[in-house]
Amino acid sequence: LIGRLMFELPEEMGLIAIAVRQTQGKGRGGNVWLSPVGCALSTVHITIPLHSNLGQRIPFIQHLVSLAVVESVRSIQGYEDIDLRVKWPNDIYYSDLMKLGGVLVNSTLIETTFHILIGFGFNVNNSNPTVCINDLIMKFNKKEGTKLKALTADCLIARTVTVLERLIDIFQEKGPNGVLPHYYKYWVHSGKQVHLHNDEGPIAWIVGIDDYGFLQVHEEGKGVVSVHPDGNSFDMLRNLIVPK
């Protein structure tokens with residue numbers, strides 16, 4: 001529905017669709033995305049001028065959305081230490097242990113405007129199939145003796161979109177350096193070791209993200225190189241990165 005409507009709207013108007021559950025959820029690479037009741041499920045349409053900081057670095061959008069989801073929780077007073085994090089390129093994680101959300105971005109360039117469809121889903125109040133945000137809050141309350149309230153999907157969708165709008169404005173004004181320090185604060189990869197090419201390939205260390213949103217790694221004796229996401233090629237459990 002949004003895909004049909006988005007070209008008919010004025011450029012300054014955004015559009016969002018929210019689902020209580022999905023029956024045909026999609027992940028990256030054609031993967032099925034499970035969408036039980038209790039998830040925050042949304043598709044957002046935004047427009048980005050081609051000749052802008054973000055328009056020249058469109059892959060960064062998935063990073064901004066992942067950061068916005070994490071921020072939607074951790075920017076609430078009292079919830080700053082809920083261990084919600086971002087995993088490059090487009091996942092939301094509990095610590096570095098378990099995935100509880102993801103982002104899928106599709107873009108279409110019409111003349112000098114990118115029309116972006118951002119799909120995001122993350123577990124809020126459903127303990128299956130993995131873990132959810134309210135589980136993390138209950139665990140934190142038990143450990144710290146606090147009484148933080150459970151959060152709702154509609155609240156977190158609203159907060160995510162609000163934070164995303166702010167992050168886009170910052171990126172357009174300051175470029176990658178305006179958001180990367182905050183992104184690194186929440187990501188799971190600092191100092192992680194990976195193999196290149198295959199499981200037996202040379203060892204490299206994750207450095208950060210380059211100006212176009214791709215991962216940078218340092219291979220001993222060869223310096224820093226950028227690698228691109230490719231389906232499931234970056235698997236934290238296998239520590240594998242396939243550069244193109």
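The structure, a predicted model, holds 5 aromatic pairs, where rings of Phe, Tyr and Trp (its six-membered ring) pair if their centres lie within 6.5 Å, and planes under 30 degrees apart count as stacked, over 60 as edge-to-face and the rest as tilted. One of these pairs, Tyr183 with Tyr184, is edge-to-face, at 6.3 Å centre to centre and 65° between the planes. Tyr183 also pairs with Trp187 in a tilted arrangement, with 6.0 Å between centres and 50° between the planes. Tyr183, Tyr184 and Trp187 form one aromatic cluster. Both Tyr183 and Trp187 are buried (under 20% relative accessible area; exposed means over 50% and partly exposed in between, with a 1.4 Å probe and protein chains only). Tyr184 counts as partly exposed because its relative accessibility is 28%.

Local features need pLDDT of at least 70 and side-chain atom pairs count only at pLDDT 80 or more, while totals for chains, interfaces and linings use all residues. Residues are numbered from 1 along each chain as its sequence is written, and side-chain values use heavy atoms, with hydrogens and water left out.

Backbone features were also examined. Most residues other than glycine have a negative phi, and most peptide bonds are trans. Trp88 and Pro89 are joined by a cis peptide bond, with omega about 5°. Pro89 is found in the loop between β3 (84-87) and β4 (91-94); strands (E, at least two residues) are DSSP runs, numbered from the N terminus. Ser95, not a glycine, has a positive phi of about 50° and lies in the loop between β4 and β5 (98-110). Glu111, also not a glycine, has a positive phi of about 55°. Ser95 is buried, at 16% relative accessible area, whereas Glu111 is exposed, at 74%.

Notes
Helix = DSSP H or I, 4+ residues; strand = E, 2+ residues; numbered from the N terminus.
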